Amino acid sequence: MSDPRSFSLIVCTYRRPQVILNLLDSVAIQSRSPHEIIIVDGSEEDSTEKALKDKNYDDLRYFRVDAAHLGLTRQRNFGIRQVASEVDIVCFLDDDVVLQEGYFEQLITTYDKHPEALGVGGYITNDVVWTKSRSEKGIDDYCYDGYCRKDGSRFMLRKRLGLAPDRPPAHFPEFGHGRSVAFLPPSGKIYPAEQIMGGVSSFPKKVLDQHQFSTYFEGYGLYEDAEFTLRLSKIGKLYVNTAATLKHFHDSSGRPNQYRYGKMVIRNGWYVWRVKYPNPSLKARLKWHATAGLLTAIRYLNVVTTSERKKAFTEALGRTVGWCSLWFNPPRPS
């Protein structure tokens, strides 16, 4: 690349004025600064615009989009069209993250080490507690590359039923339902991947000039990042740099209700699976549906095992409706 320091940052946001200020404050103190910061705001009101004007960040360009460009994937595609022509790399961040020291330094230098990369993802540090591998491991420990974390009841049950993922983290099994980037350890290493998280990602601009985020995903856009990066993984290599660290604070504003979320988990999950594997084997098809059914049953069980009963029930109901809809109206990947 002509200049590894030449990178733009795109942040898509919706009704989160204070949250995005926290992010931009952390961007401002990085050792490497973006050539430009592009904010694509889907809010109906102007509170975010006013908050940004009060702070007066350097090299910031603000866009409040209309209904035609509303939703995460459309806002991302809109932002890509605004990127300066001389930029080499485009970074994406969710509006509710805060960067740790050296985030851009680590992320961008990954392209020097792996110039063939079609995308590089960062690493969230505050979602999971990892420990160095112990000689005595618990039955519910998941260990990878010298580190261990708790595996969780869902994965434990999937292991017992023969539905555990059979590929490394950030890689997609033929029956879908793999382990996410969150199952890569905080080793500081760079790992190959097939899917990276869109809210902590980067791509060469020349890649984004040819490949756009799918407009199948509307509004909140659950799994849009998996679909996009799995598409890219068919033609080239992706990486996650676990030394490019940040924290994710999961702001709840702007998220869909649990019923809609449950439907998206199933329908969007099915869509992503069939983008990666258009013609899966019969065994993979059976395992995909068995896993989807198991995870739905667990959410119904959560109605009596957790305090958030309404949340669990409405999500489980959404999953059920979404699952049933696959039989007469499945999504059709283009």
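Is R231 buried, exposed or partly exposed? Select it and look: R231 is partly exposed, with a relative accessible area of 27%. For these words, buried means under 20% relative accessible area, exposed means over 50%, and partly exposed is in between (1.4 Å probe, protein chains only).

Some housekeeping before moving on. This is a predicted model, so local features need pLDDT of at least 70 and side-chain atom pairs count only at pLDDT 80 or more, while totals for chains, interfaces and linings use all residues. Residues are numbered from 1 along each chain as its sequence is written, and side-chain values use heavy atoms, with hydrogens and water left out.

Helices here are DSSP runs (H or I, at least four residues), strands are E runs of at least two, and both are numbered from the N terminus.

Now stay on E227, which is buried at 3% relative accessible area. What does E227 touch, not counting residues up to four places away in sequence? Select S214, F217, Y271, V272 and V275: E227 is in contact with each of these (heavy atoms within 4.5 Å).

**Stop two: helix α2**

Next, pick K53 and E49. Here the salt bridge has its closest N and O atoms 3.6 Å apart. Both residues lie in helix α2 (residues 47–55), again 4 residues apart, about one turn.

**Stop three: a pair between loops**

Now select E194 and R167. Their salt bridge has its closest N and O atoms 3.0 Å apart. E194 is in the loop between β10 (190–193) and β11 (200–204), and R167 is in the loop between α5 (153–160) and β10, so the pair ties together parts that are 27 residues apart in sequence. E194 is buried at 12% relative accessible area, while R167 is partly exposed at 31%.

**Last look**

Technical notes:
Salt bridge = Lys/Arg side-chain N within 4 Å of Asp/Glu carboxyl O.
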